[in-house]
Amino acid sequence: MPHDLPKAYEPGAIESRWAEYWIKEKLFSVPTPAANPAGEGARATPVFTLLLPPPNVTGNLHMGHMFEQTQMDIIVRWHRMRGFLTLWLPGTDHAGIATQLMVERQLATEGKKRRDMGREKFIERVWEWKKQYGGNITDQMKRLGASVDWDREYFTMDENLSRAVREVFVRLYEEGLIYRGKYIVNWCPRCETAISDLEVKHEDVPGKLWEIRYPVVDSALPADGQPGAAVPTQFITVATTRPETMLGDTAVAVNKNDQRYTHLHGKKVLLPLMEREIPIITDELAQPEFGTGAVKVTPAHDPNDFQAGLRHGLPQIEVMDENARMNQNAGKYAGLDRYEARKQVIADLKARNFLVGTKDHTIPLGKCDRCGTVVEPRLSTQWFIKIAPMALRAADAVRSSEITIEPENNRQIFLNWMDNIHDWCISRQLWWGHRIPAWHCGCGEIIVARETPAKCSKCGKSELTQDRDVLDTWFSSGLLPFTTLGWPDRTRDLEVFYPTALMITGFDILFFWLARMIMFGCHFMQGNQQDPAIKAASGWNDRKDDAVPFRRVYIHALVRDADRQKMSKTKGNVVDPLDVVARYGTDAVRFTLAAMAAPGTDIAFNESRTEGYRNFANKIWNAARFMFMNVDRLSPDLKPGLPVLAGCSPAGCKLVFQATTLEDRWILSRFNRTTREVNEALGTFRFHEASNRIYDFFWGEFCDWYLELIKPRLNSSSDAQQACANLVNLFEASLRLLHPVMPFITEEIWHAMHDGKPPLKSLAFAGYPQVNDSQIDLTAETNMAILQDLIVNIRNLRAELRAEPRAKLPIQVCFHDEQTRILIFQNRVALEQLANVSEITEVDQVAASQAPTRGTTRFDVRVIYERRVDVAAECERLKKELEKIEKETANNQRQLGNEQFLAKAPANVVEGMRKRGAELVVLRDKSLAQMKELDCK
Ligand SMILES: [Zn+2]
Ligand SMILES: [Zn+2]
């Protein structure tokens, strides 16, 4: 086993080398599997499929991605190592608005505009942009070692996926689930497109509520019989936060039960500024208890007014254009921006005495999630999906646990949302995206088709124009679980890999994406059956419905900064994962994220933890070098083979792990216990428990104790070979245990162990350790605990006596039971080595009077040590120490006596200072006592 692990652990070099190797060797590519093995007893391979939530093609990898992908990669590698045919399917999303914005910005730097270029040229430009920059985020993923199948990488605008999108649209249209209509949508005047409710960010801002009075028609007393000079005597007062919309009012509504207005039913008001007569209607839109009980109705500019307008057949007057400028319907205000128009309208109302009052009012302002522009409710013709029938089936799938959602509280949130879902506006007024497969004819006919139609199906004319809109990005991404596997064709891939086993994603896209995947999956894959042999082998026989896009959903938490603040560019607290990776290595960052990933709890990312896990990697590295050094010292025919514990056992293996001593039985038992706990934790997404258990075992038990305990045997002539074999075997198994969390360092050491001739191309294919209950040994664990207890106590005593570290010292022990006595004498070598003991003297009682002792229920112990002391030097040291203590005491008391400080300081700080104060008193007494003992002057 000659191997050349460099002295220092340098993650950078190791990691890029393996990341490249995994891709070059196509290790994680999963070709379509052929039919299952035939014959009696033949068992199909279990399958595990996971779809990567596709990052936006415009994106760069941020901490959220890395956190999500770390969890996925751990689960994926864990399944692969347990013998699952594991497909992790990557891709990127064309991200309609985001990408279009990006390219528009690029054009702006060249002084060009999208509209001047024309649609075709612009789309070409976007594809060019995609070719140049679209691979950024996947390159970053590659560097971080995500074990995805790059051969199956997709882009949501790929031809095969686009074909599936058209197919879905046409089918839904034919089923009557897609309709086109004029509705109020959320409109971004900057992006010039409709956006979904989910893409609107709401923010409470201070604003105004203006009260305007509308004169009631015919309520005037004619003055001198001249109608024109009439002075109205009755008004209805309405309130609004958007006064400019009054220009489009087509009614005033009152509640039919509101006594105040009964006499006005059936009358009209004269809309101020526009001099338009509009009816007073009775509608539930008006609530007597709110404001004056009367409301203005603007069907073209408010969703509730729109519905009221439909109920009463009111005209819909649009007064703004797509950029939120007033249009010709706004009379003299035409051409003004909405906010300029607002000022002007207020001024005019005031001048003509229609403005009754102005109040401060908090407004829930909706802003475009992409560009931050205030969204304007706007009437426009859009395509919609009638969502209720699909939502019903999706909710059923979750209710009946055909799909399980974890953590559990997300399940209820999901169900509540599905029960209150609105029709989904799927059209977007963008150029970049899947264009709606509908063609308009001059005769008014709309033809929805899979391929461009040659002529109108109604009038036969051939001048057809395709609908200008594209589909909402989430429309195509909602189809990915089946379209990426070949749908609408019936493929072997679908049979094998669908339903996918798991979806790991964040809460923020629960509705955007997850809900849509479930709705589309349940609808389009209805009646689907997974290959029964594979389904059984994969452990899904308890699930009946194979239409669902995934069997399990795990909603992960968020990564925040070290102070638990949300990371945001404006706050400037964004931690760039690639930057942290450059400093500590991918393995250490992955371990940090995993070790903090308790389900349902946001992570406060703290670099000091990452530094700690880099030290952990370093510890493993040094342990490996220690192992290699020992193996190298053995003559070739004494060298152990590899590997032996559960998992792979290639031919040529020379020596298996044999538990001959207490430490062997103990470490084997601990290893199995850890293995069991780690497997259980990974099965329930308790990544933090899995990684912390591995950490405690590898560092705390394997490195700190086992390596030390077998050192004497490695140096003995009779036992070296078996001790070395045990060490190598256990090390190899521990690497397998750790591999899903730290894939790089484990791969590096494992290849070194096999001297470049590994039995498999990668540790990623070695078996994941599984518990062997017969190797769990309670007696060994109890005995080892006693031995460790004694060693730790001796070490503490030595520290207290300030014994020279290398000095071997005799001890006195009083055993309280025979079993402990035998145990300690059997393991006296361990004691001598690990606690630097020269001689063990058994006594009936450890005299406590002369020197410090330690005791437990099983033993009392004392270290015999007489220090030769340079009295003058020691007195000098003690004097200095005392001065320091007194200075700190003074400081401590001053602060604790300062009322101002006490009022301001956090409680835990004050508490800490009080504790320290008490400690200082003890330390001072100790120093004084020592000085007295030495007769210091
Ligand atoms: Zn916008
Ligand atoms: Zn026609």
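1. **Gln 69 and its neighbours.** In this predicted model, Gln 69 touches Leu 52, Leu 61, Trp 88 and Met 141, leaving aside residues up to four places away in sequence. Gln 69 belongs to helix H2, which covers residues 63–81. Its relative accessible area is 7%. The cut-off for buried is under 20%, so Gln 69 counts as buried.

2. For comparison, the ideal angle for four tetrahedral donors is 109.5 degrees.

3. Is Cys 368 buried or exposed? Cys 368 is buried, at 3% relative accessibility. Cys 371 has a relative accessible area of 28% and is partly exposed.

4. **Second largest pocket.** Its volume is about 1,300 Å³. The lining has 42 residues, and those closest to the pocket centre are Thr 240, Thr 241, Arg 242, Asp 302 and Asn 304. Several elements give two or more residues each to this lining, among them strand E5 (178–188), strand E7 (200–215), helix H8 (303–312), helix H9 (338–351) and strand E16 (376–385). Which strand gives the most? That is E15, with seven residues. Strand E15 spans 355–368.

5. **Met 519.** This residue is found in helix H15, residues 510–524. Met 519 is buried, with a relative accessible area of 3%. Beyond residues up to four places away in sequence, Met 519 touches Ile 387, Met 390, Ala 391, Ala 394, Met 418 and Ile 421. The C-alpha atoms of Met 519 and Ser 927 are separated by 74 Å, and the two residues are 408 apart along the chain.

6. **Zinc ion (ligand 2).** The protein donors here are Cys 441 (SG), Cys 443 (SG), Cys 456 (SG) and Cys 459 (SG). They lie 2.2 to 2.3 Å from the ion. The site is tetrahedral, with angles of 104 to 115° among the four donor atoms. The donor spacing along the chain is C-x1-C-x12-C-x2-C.

7. **What this second site ties together.** Cys 441 sits in strand E20 (residues 438–441), while Cys 456 sits in the loop between strand E21 (446–448) and strand E22 (464–466). The pair therefore ties together parts that are 15 residues apart in sequence. Cys 441 is buried, at 7% relative accessibility. Cys 456 is buried too, with a relative accessible area of 4%.

8. **Strand E28.** Why is E28, residues 809–815, largely enclosed by the rest of the structure? Six of its seven residues are buried, and that is the reason.

9. **Partners of E28.** E28 is joined to strand E29 (residues 837–842) by five bridges, and these two strands run parallel. Within that pairing, Ile 811 has Ile 840 of E29 as its bridge partner. Five bridges also join E28 to strand E31 (residues 859–863), and here the strands run antiparallel. Val 813 stands opposite Val 861 in E31. When following the side chains, bear in mind that in a regular strand they alternate between the two faces of the sheet.

Definitions and conventions
Residues numbered from 1 in each chain as written. Chains lettered and ligands numbered in written order. Predicted model: local features only at pLDDT ≥ 70, side-chain atom pairs only at ≥ 80, totals over all residues. Heavy atoms only, no water. Buried < 20%, exposed > 50% of the residue type's maximum accessible area, 1.4 Å probe, protein only. Helix = DSSP H or I, 4+ residues; strand = E, 2+ residues; numbered from the N terminus. Pairing = 2+ DSSP bridges. Contact = heavy atoms within 4.5 Å. 1 Å grid on protein atoms, 1.4 Å probe; cavity = no way out; pocket = protein on both sides within 12 Å on 5 of 7 lines; lining within 4 Å. Points joined across faces, edges and corners; volume = space filled by probe spheres on them. Donors = N, O, S within 2.8 Å, 3.2 Å for Na, K, Ca; no water. Tetrahedral: all angles 85-135°; square planar, octahedral: opposite > 155°, others 65-115°.
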